[in-house]
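This briefing is intended to be read beside the sequence and the three-dimensional model.

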Amino acid sequence: ADNLKFQLAAHHLYDKSSYPIIRYEIHNVIAIDEDLHKAFHAYMGGSTRSCTAEDFLEWLKVQSHEIFRGCEDEVAFEASAISNIKRRIQFLSSVLD
């Protein structure tokens, strides 16, 4: 197998500026590949635009084939990622209420 090298980025599911109350909440941050991080923010219209976990979930669903292509079990990885974000949304919504 080829050596896979990539840069990790910390992505805030609910952006830091619009949701300062959960800026440091561990459930609001996920580690993703830097290129995917840039792609998500480009999809949203730039890194200065507000984003939510729901936005990320929608993007993940739309881009899942591209993101998980080549994985041994693409369907399982996609389902796991979507489930993870949904759990975080559920937890964070109780904090934001």
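Does Trp59 count as buried or exposed? At 4% relative accessibility, Trp59 counts as buried, where buried means under 20% relative accessible area, exposed over 50% and partly exposed in between, with a 1.4 Å probe and protein chains only. The model is predicted, so local features need pLDDT of at least 70 and side-chain atom pairs count only at pLDDT 80 or more, while totals for chains, interfaces and linings use all residues. Residues are numbered from 1 along each chain as its sequence is written, and side-chain values use heavy atoms, with hydrogens and water left out.

**Aromatic rings**

- The structure holds 4 aromatic pairs; rings of Phe, Tyr and Trp (its six-membered ring) pair if their centres lie within 6.5 Å, and planes under 30 degrees apart count as stacked, over 60 as edge-to-face and the rest as tilted.
- One of the pairs is formed by Phe40 and Trp59, which are edge-to-face, at 5.6 Å centre to centre and 70 degrees between the planes.
- This pair links distant parts of the chain, since Phe40 lies in helix H1 and Trp59 in helix H2, 19 residues apart; helices (H or I, at least four residues) and strands (E, at least two) are DSSP runs, numbered from the N terminus.
- Phe40 counts as buried because its relative accessibility is 0%.
- The ring centres of Phe56 and Trp59 are 5.5 Å apart and their planes stand at 45 degrees, so this pair is tilted.
- Phe56 and Trp59 both belong to helix H2, 3 residues apart, about one turn of the helix, and both are buried.
- Phe40, Phe56 and Trp59 are linked into a cluster by ring pairs.

**Helix H3**

- H3 has 23 residues and reaches 33 Å from its first C-alpha to its last, close to the 33 Å expected at 1.5 Å a residue; the expected span is 1.5 Å times one less than the number of residues.
- The buried residues of H3 are Ala81, Ile82, Ile85, Arg88, Ile89 and Leu92, and their cover includes E2 and H2.
- Ile89, in helix H3, is buried because its relative accessible area is 14%.
- Leaving aside neighbours within four places in sequence, Ile89 is in contact (heavy atoms within 4.5 Å) with Tyr14, Ala53, Glu54 and Leu57.
- Ile89 and Asn28 are 61 residues apart in sequence and 8.5 Å apart in space, C-alpha to C-alpha.

- The largest pocket holds about 550 Å³ of space; on a 1 Å grid over the protein atoms alone, a pocket is an open set of points where a 1.4 Å probe fits, with protein on both sides within 12 Å along at least five of seven lines, and lining residues have an atom within 4 Å of a point.
- Among the 19 residues lining the largest pocket, Ile32, Asp33, Leu36, Ile67 and Phe68 are the closest to its centre.
- Strand E2 (29-33), helix H2 (53-68) and helix H3 (74-96) each give two or more residues to that lining.
- The lining of the largest pocket comprises 15 nonpolar, 1 polar and 3 charged residues; Ala, Val, Leu, Ile, Met, Phe, Trp, Tyr, Cys and Pro count as nonpolar, Asp, Glu, Lys and Arg as charged, and the others, Gly among them, as polar.
- The second largest pocket holds about 230 Å³, and of its 14 lining residues Asp15, Lys16, His41, Ser47 and Cys51 are the closest to its centre.
- The lining of the second largest pocket has 2 nonpolar, 9 polar and 3 charged residues, and its largest share, 3 residues, comes from E1.

Key
Points joined across faces, edges and corners; volume = space filled by probe spheres on them.
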